[in-house]
Amino acid sequence: MSLEDLKNIPYGKTAIELKNIFLAFGGVKALTDVSFEVKKGEVFAIIGPNGAGKSSMLNVINGFYKPTSGTINFAGTDRGEMEPEFAAKSGIARTFQNIALFKGMSTLDNLMTGRLLKQKQNFLMQALYFGPAEKEEEEHREKVERVIDFLDLQSIRRTPVGSLPYGLQKRVELGRALAMEPEILLLDEPMAGMNVEEKQDMSRFVLTVNNELKTTIVLIEHDMGVVMDISDRIVVLDYGKKIGSGLPNEIRSNKAVIDAYLGVADDE
Amino acid sequence: MSVELLNFIETVLNGLMSGVMYSLVALGFVLIFKASGVFNFAQGVFALFAALTLVGYQTGQVPFAHLINELFGTNYHNWYASMPNFLAIILTMITMIALAWIIERLVLKHLVNQDPIILFMATIGLAFALEGVGDLMWGSDVKVLDVGIPSGGSVWLEEATIGLAAEGSDYYGMYIDVLNVWATVIAVILVITLALFSQYTKTGRALRAVADDHQAALSVGISLRTIWILVWAISGFIAMVAGIMWGTESGVQFSLSLIALKALPVLILGGFTSIPGAIIGGLLIGVGEKLAEIYIGGYFETGALENWFAYVMALVFLLFRPQGLFGDKIIERV
Amino acid sequence: MLYKETGQYKSTYKSDHAIFPLIQDKIAFSTLMFIAFLIIPFVINSYWEKAILVPFLIFSLAAIGLNILTGYCGQVSLGTGGFMAVGAFSTYKIMTYFPDLNIMIIVLISGLITAAVGILFGLPSLRIKGFYLAVATLASQFFLVWLFNKVPWFYNYSDTGQITVSERLMFGIPVTGATAPPYATYLFCLILVVLLGFAAKNLIRSKMGRSWMAIRDMDIAAEIIGVPPLKTKLSAFAISSFYIGVAGALYFAVFLGAIEVTESFDIMTISFPVLFMIIIGGLGSMLGSFLGAAFIVTLPIGLKFIMVDLVGLSAVTAKHFEITIWGLLMIIFLIVEPHGLARLWSIAKEKLRRWPFPY
């Protein structure tokens, strides 16, 4: 079970499957019997009202929360829970609803942290620096610069991210996840709090990543217009339960989903 | 009863009473931490400063006498021979309140919204500055503090317990310092008063509101500044009580400020924000320390493991219960 | 416009990653090294050695060590004194058991031993954070000092409880003991500081440094991008302790020669002053470690000169004043510039870049 296994799965086949996931904190039930699968290469959206357990779901996928019961089938292997480090090593990257960047570091350094798992020199070589460690630094810098170019971050390369505006921070966070060259990218509300132009940019980035790098994308988003436009399949959660899943058109006309979340169906 | 059991009871009693002292200092920490999010490292120096000031007022020392004499070649020492205890205590209280006001004005006000670690370091600076000022004002020689609290072994208890041992055994009764009994009584009264004050007065309610959520408290019109001055003054008052107790027992000198270091394990054990935690934690550590001294300390010929034992005890406890005695289970969110 | 970067274009990532990317900085650093290695050794006397230069170099190392742990990895430690004591006593014990071992190797091994002790005391950092951890590090301070004070094996059962260094040579010249000439002790410390200083800077700009800073800035996010929290924190504890251990070894063997653990490695004489150095110098700044050490080493000398020699106060009163001023300075620094001297330096550079124009 490794990154290779995930890479070897053909596009369109199941990459990760969640079976009967339960999650509780003390007495509070966050997720109740949720099951769905994510296919390789698709854009998969999780939607639902606030507090429906969407972020908890992502946290279960990358191992930050351990489900109370249920099975996670990841690249063909069943397991009871994930470990964050293992998830990262196996090619799962993510962004957060409330930006989780390293505020004291520059944009460049934040993106370079995405390469940490791929840097292999030991600390003695790093302390010596000259030679292999320096060469390795340069290789990864080159990879990071590609991400910087792709996301148009050149002008803020050296700026500490704590002082960047919200929209840019979201973009840097996406950059950090991309720098990991993930197979599966988990995006927790990547467009929250953005204006229309920023949303368009972000949608474009997401679609480009999906189309050109063939990265599988799992996305939480409140903007229904965006979700219906860019996602291939959707699952709907409410109060920690799955109340619907399917193609965007099916969701749009699903009675339970409309009652719980969408209100009246509109074509905005 | 066997002599071993009687000795054990004596140790526990003494431990409880020294624990009360730890609780008292820890309480000062907790109050400030809850209300202003500041981990006040200067709490121990507060106690030293209060005790120094009290002795200074009692004996009529001229503040900064050494400095003035050295600068101008004068020879000032005292302005009066003595002052009644209660008056000196009241004056010291006023001084501590003034100190709280000065600290809020000159330090806290300028550090609002800084990282907690920066505030913590500022209180280390405060500890140094206050220690230096205390020494400059009142001199650094060891002083005797006597506000009329009786001390020495309790003869009554010794006589009452001597008969409890089995006939013919080698037992001379329990030894408990009367001063510690008084300290316990005063500390208990203090804690009850504080609890009543925060539970049943308007200011107390404001205090609890601030402790719970600064922003929310501000939004309902509670003045943070007033509350901060208030808690720092209360902590100053608690420090004064602790300073009187410890000062009476072992003289007023620099080492008095080190009681803060003794109270820190209490904080890890009881949690930085829990008042019951501070009290129970203090008692636990007091008893644990005394028991360890007698039952483990013997194995180290050189003794004196008390300095670090409390820390190790607190750490071991944390390994099993990271949230402390009364903390809620920590759920991390992202 | 003295400090101008225009026209200095970098066409490779290698030159962009250099420690001193600007030509001005390179010149300044080379000049400094030239003075330090080729001028000072010829003019140094024992006052400059004992009062200023050697303590400055030793405390710079300790400050780098603490800065790695606190400034870069975000774990506050109040146990510096205890760890320096480990370095000192390791040196002493190794000297007794291996009389022929080279002093440089002894010092480095002492650092490694301290690193191991540091890992041990860093273990609680997985479960406890922030102030709880700061208080927990006090446990190491008290425990270690108690251990070296109460277990006679550590001081070879001497009556006084003191440990005393014996003479050791480097290239035939004594660098420890009473006969060591000032230039030898100075150069010995300087070489270690320069080598270890570069090593620290390299670590910080590589994978390891980024892992530390990730843990410092947001440990949860760091975990999710694959930074293992325990391993990373322990590596910071280990490397930080290595530097502090080497500083402790030098402090004992080269600087003081004879020490008594409760006095020399007390929380008030070591732990807090070193913490001040990195705050006043700048948390998370290499330059800051040096500036802070220079400031804290020279401050008492300056204050003593002013108060005792100029104003004529007694030594005791001057000492009280010194404590007060220390405390006040610390508060003022935190209020005015929480990022320390290093930030002031970069502001000054910014000014120089524009000079003589205001904007």
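Modeller: In this predicted model, four strands of chain A form an open sheet in the order β2-β1-β4-β5, and the pairing is antiparallel.

Biologist: What makes β2 and β5 of chain A the edges?

Modeller: Each of the two, β2 (28-39) and β5 (77-79) of chain A, has a single partner strand, so one side of each is left without a neighbour in the sheet. From one strand to the next, the twist averages 15 degrees.

Biologist: How do you know that β1 and β4 of chain A are paired?

Modeller: A pair requires at least two bridges between the strands, and five bridges join β1 (residues 14-25) of chain A to β4 (residues 69-74) of chain A, so the two count as paired, and they run antiparallel. One of the residues involved is I16(A), whose bridge partner in β4(A) is F74(A).

Biologist: Why is E181(A) called partly exposed?

Modeller: A residue is buried with 20 or more other C-beta atoms within 10 Å and exposed with 12 or fewer; E181(A) has 17, which lies in between, and therefore it is called partly exposed. E181(A) sits in the loop between α7 (166-179) and β7 (184-188) of chain A, and its phi is near 50 degrees, a positive value in a residue other than glycine.

Biologist: Why is V316(B) called exposed?

Modeller: V316(B) has 10 other C-beta atoms within 10 Å, and since 12 or fewer is the limit for exposure, V316(B) is exposed. V316(B) belongs to helix α13 (residues 306-320) of chain B; its C-alpha atom is separated by 41 Å from that of S219(B), 97 residues apart along the chain.

Biologist: How do you know that the radius of gyration of chain C agrees with that of a compact globule?

Modeller: For 359 residues, a compact globule would have a radius of gyration near 21 Å, and chain C has 21 Å, so the two agree. The C-alpha trace of chain C spans about 65 × 55 × 45 Å along its principal axes, and 50% of the 359 residues count as buried. Of the contacts in chain C with a separation of 6 or more, 76% are between residues 24 or more positions apart. Chain C has 15 helices and four strands.

Biologist: Which elements of chain C give two or more residues to the side that touches chain B?

Modeller: The contact takes 33 residues from chain C and 43 residues from chain B. On the side of chain C, the elements that give two or more residues are α6 (130-150), α12 (267-281) and α14 (315-336), and α14(C) gives the most, with 13 residues.

Biologist: What is the make-up, by class, of the side of chain C that touches chain B?

Modeller: That side of chain C has 26 nonpolar, five polar and two charged residues.

Technical notes:
Residues numbered from 1 in each chain as written. Chains lettered and ligands numbered in written order. Predicted model: local features only at pLDDT ≥ 70, side-chain atom pairs only at ≥ 80, totals over all residues. Rg over C-alpha atoms; globule rule 2.2 N^0.38 Å. Contact = placed C-beta atoms within 7 Å. Axes fitted to C-alpha atoms, helices over the stretch in contact; angles between N-to-C directions. Nonpolar A, V, L, I, M, F, W, Y, C, P; charged D, E, K, R; others polar.
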